[in-house]
Amino acid sequence: MPDTADSEPRSADLRTDVAHSARVYDYLLGGKDNYAADREAAEEIVKIAPYMRTSMRASRNFMVRVARHLAVDHGIRQYLDIGTGLPTSPNLHEVVQSVDPTARIVYVDNDPIVLVHARALLTSTPQGRSRYIQADLAEPDAILTAPELHETLNLGEPIALCLLTVIHFIPDDGEAQRIVRRLMEPLPSGSFLALSTINIESAANPSRALKKHNEHGIRAKGRTKAQITSFFDGLELLEPGVTAVHHWRPDEEARKIDDSQVSVYGGVARKP
Ligand SMILES: C[S@@+](CC[C@H](N)C(=O)[O-])C[C@H]1O[C@@H](n2cnc3c(N)ncnc32)[C@H](O)[C@@H]1O
């Protein structure tokens with residue numbers, strides 16, 4: 001059982017009786033911050049979609065490569081990461097602060113289990129800063145007006161908005177598009193959008209796994225490559241565009257992965 005402090009959500013708030021995406025993801029990545037309902041859902045998903053663990057690992061590694069690329073090659077020092085997930089080493093702030101210890105990060109998730117474990121996200125270097133906001137992607141204005149965001153990030157300087165494996169939890173296409181645009185709107189020229197999500201046309205063929213998520217109460221929707229690409233409309237996509245995440249500027253580990261094992265596509269684009 002994860003630890004909870006007095007000021008943190010009680011297990012009643014955590015709804016440990018039903019599966020939650022953050023905890024299913026944690027379990028599939030080999031983490032310990034999950035409950036029986038999450039493990040049961042995860043095992044059922046893996047039974048019909050044996051590629052799932054590899055896909056999630058590839059997805060997490062995509063985050064690491066993207067963050068390093070933005071920090072090293074584009075000098076990005078500010079990150080807004082929504083749908084952070086449970087802490088999994090290395091976390092985004094660890095990646096970018098290893099490039100520049102002054103980097104500042106705001107993490108956002110709507111699952112109280114992430115709040116319980118947020119301490120591990122707040123281990124910023126003394127020169128930099130990391131903050132955690134409990135908020136919902138479906139309410140971008142609440143995120144954009146949060147005092148913690150403005151105390152941490154300077155909206156006059158480029159920011160990388162990271163929406164990594166989270167937009168599929170906003171099933172309505174119009175709403176998902178509006179949210180991404182709203183979040184990019186106040187960010188200055190030279191900011192970036194990094195986005196990854198489930199591609200229903202991918203070689204892994206995720207439709208049964210998505211159905212299983214929904215049966216367990218985790219509402220999730222995959223999208224076509226064209227739909228995923230349209231999240232970047234008006235922005236300048238970096239090479240190699242929107243691809244299966246293991247094909248995005250792959251390292252040695254990513255190069256070994258077979259296409260049939262990955263259902264997540266992603267890309268990174270610059271705001272002109
Ligand atoms: C699959 S994990 C992704 C973790 C991390 N971004 C990564 O790529 O490794 C998805 C996370 O999104 C969070 N999430 C789902 N719906 C959300 C919403 N509407 N608002 C904020 N976070 C959400 C879940 O709680 C979970 O922690």
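Predicted model: local features only at pLDDT ≥ 70, side-chain atom pairs only at ≥ 80, totals over all residues.

Colleague: At what angle do helix H3 and helix H10 pack?

Modeller: Two packed helices are described by the angle between their axes and the distance between the axes. Here H3 (residues 36-48) and H10 (residues 207-215) pack at about 160°, with axes 9 Å apart. That makes H3 roughly antiparallel to H10 (an angle over 145 degrees). Axes are lines fitted to C-alpha atoms, for helices over the stretch in contact, and angles run from 0 to 180 degrees between N-to-C directions. Helices are DSSP runs of H or I with at least four residues, and strands are runs of E with at least two, numbered from the N terminus.

Colleague: Which residues make the contact?

Modeller: H3 gives Glu44, Ile45 and Ile48, and H10 gives Arg208, Ala209, Lys212 and His213. Contact means C-beta atoms, placed from the backbone, within 7 Å.

Colleague: How many residues of H2 are buried?

Modeller: A residue is buried if 20 or more other C-beta atoms, placed from the backbone, lie within 10 Å of its own. In H2, 8 of the 8 residues are buried, so H2 is largely enclosed by the rest of the structure. Among them are Arg23 and Asp26. The buried residues of H2 pack against H3, H4, strand S2 (104-109) and helix H6 (112-116).

Colleague: What follows H2?

Modeller: Glycine 30 follows H2, and its phi is positive, near 90°.

Methods:
Residues numbered from 1 in each chain as written. Parallel < 35°, antiparallel > 145°, perpendicular 65-115°, else oblique. Contact = placed C-beta atoms within 7 Å. Buried ≥ 20, exposed ≤ 12 C-beta atoms within 10 Å, placed from the backbone.
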